[in-house]
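Here are my notes on the predicted model.

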Amino acid sequence: MSVVVFDPDRTDDVDFADRMRHPAAGDAAGGMWLSDTEPSFIDVTALRQGRLGRLRSWMAEAGYGAVVLFDPYNQRYATGSRNMFGYFLRNSTRYFFVPVEGPIILFEYPQSYHVSMVLDTVDEARPSKLVWSSVSDRDDEAARNFASEIADLLKTQGGGLMKIGLDRCNHLHALALEEAGCEVRDCQAEILAVRAIKTPEEVKCLQASMAGAEAAVAAVREAIKPGVTENELFAIMYHEVIRQGGEFIETRLLTSGQRTNPWFSEASGRVVRPGELVALDTDTIGCYGYYSDFSRTFRCGPGKPTHDQKTLYRMAYDQVQYNISIVRPGMAFREIAEKAWKIPERYVEQRYTSVMHGVGMHGETPFIAHAIDYETYGRDGHLQPGMVISVESYIGEKGGCEGVKLEDEILITEDGTELLSRFPYEEDFLDGHA
């Protein structure tokens, strides 16, 4: 099934109420739900091979004989393999040997080899040399065994190159590899730069992930009423993410009332009261492990928003829309920072941490800082077609009662941008009447 081309400026072709009909599903009539975890409009072989091709092109250009991948996000990017994702985010005991050419070898958790051996990108599975080494107090011994095996592979499959990249590991592993004759480099930043430009199939995954996250936000919006707790609303969002075929939510950014100011408090047992704002950020790992990152702020009824609530909302809305409007392919990050919407002085202190940031399998490069933060957090670079960016806003005065969080996700195209997040804004906040 081919993907239906849709107008990103429309929202009437998206059925948020019924969660959901979406044009990204390839069936505008609504016959297909996003909860299908392998939607037919994504060519998974092209997805895996396209990413692996980009990775290996960079390796060849940078002179790497191989990379060893411990980061589950990088493992998934290179191979499509996923196994006990949360566990391996904190345990560097599962790793891939990816040579610039030749067979890819997975060093896997015992008895789970079958999970990844069905993939065309995984040629062999061996037992990890690092499983339970810390638990058994045998890290030194395990590091030597690990390095010996990897060095031997590099000598035979690295094309004569002994330069090897590590994205994340214990320092003992790096030292042991150097002792075994390898030239070790930290390659995490380089891999993130490779991942910043999305293949066409990755864009489809991002569209599908976004549709599922929007369904989850629609469920939250429906459930907001006096007496519900922040935790209950967050549980509703999480439930719908899983139901739609997503995987997990990285943060718990869903707050209400006074807890919306300042931003970055996380969901609690607080009861939502009539007339209060409810703000959330999706931060969702969805379809095929792709990130959905947009934010919305709602109001618990009955009644209408107050003048102050509408003022905050309008400013946040204007910030997002203006900053989207200035973005062009080829634009320098520093230029974006300098031309970005000017935050009124009273709200500057509690500004969001970036003007915009990259999106892929999680929040990624680039990170575009505010002009006043640029010397501290900024870096030079240019927007390129294929990058996906989330455009941020938080408006809340220090000591104020509430704050508003809004955010949209866009694709940088050859001639402009395409809106990926299509969840509607709240008309009651934007109608101009207090």
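1. Helix H6 spans residues 188-195, and its buried residues are Gln188, Ile191, Leu192, Val194 and Arg195. Viewed down the helix axis, these buried residues fall within an arc of 155 degrees, so they line one face of H6.

2. Several elements contribute to the cover over the buried residues of H6. Among the helices are H1 (44-62) and H2 (72-79). The strands include S1 (66-69), S5 (163-166), S6 (183-186) and S14 (363-368).

3. The crossing is right-handed. On the H1 side the contact involves Arg54, Leu55, Trp58 and Ala62, and these meet Glu190, Ile191, Ala193 and Val194 of H6. Of these H6 residues, Ile191 and Val194 are also listed as buried.

4. Strands S1, S5 and S6 belong to an open sheet of six strands, ordered S4-S3-S2-S1-S5-S6, in which the pairing is mixed. S4 and S6 are the edge strands, each pairing on one side only. On average, neighbouring strands in this sheet are turned by 20 degrees against each other, direction ignored.

5. H1 lies across S1, S2 and S5 and runs at about 65 degrees to S2.

6. Which way do the side chains of S3 (residues 105-108) point? Ile105 and Phe107 point one way, Leu106 and Glu108 the other way, and all of them are buried.

7. S3 pairs with S2 (residues 95-99) in the antiparallel sense, over three bridges. Tyrosine 95 has phenylalanine 107 of S3 as its bridge partner, and phenylalanine 97 stands opposite isoleucine 105. The hairpin of S2 and S3 has five residues between the strands, and glycine 102 there takes a positive phi near 100 degrees.

8. S3 is also joined to S4 (residues 124-127), by four bridges, and these two strands run parallel. Glutamate 108 stands opposite proline 127 in S4. S3 therefore shows both senses of pairing, antiparallel with S2 and parallel with S4; strands of a sheet pair through backbone hydrogen bonds in either sense.

How values were computed: Residues are numbered from 1 along each chain as its sequence is written. This is a predicted model: local features need pLDDT of at least 70, side-chain atom pairs count only at pLDDT 80 or more; totals for chains, interfaces and linings use all residues. Side-chain values use heavy atoms; hydrogens and water are left out. Buried means under 20% relative accessible area, exposed over 50%, partly exposed in between (1.4 Å probe, protein chains only). The arc is that of the directions from the helix axis to the C-beta atoms. Contact means heavy atoms within 4.5 Å. Two strands pair if DSSP finds at least two bridges between them. A crossing is left-handed if the near helix is turned anticlockwise from the far one by less than a right angle, and right-handed if clockwise. Axes are lines fitted to C-alpha atoms, for helices over the stretch in contact, and angles run from 0 to 180 degrees between N-to-C directions.
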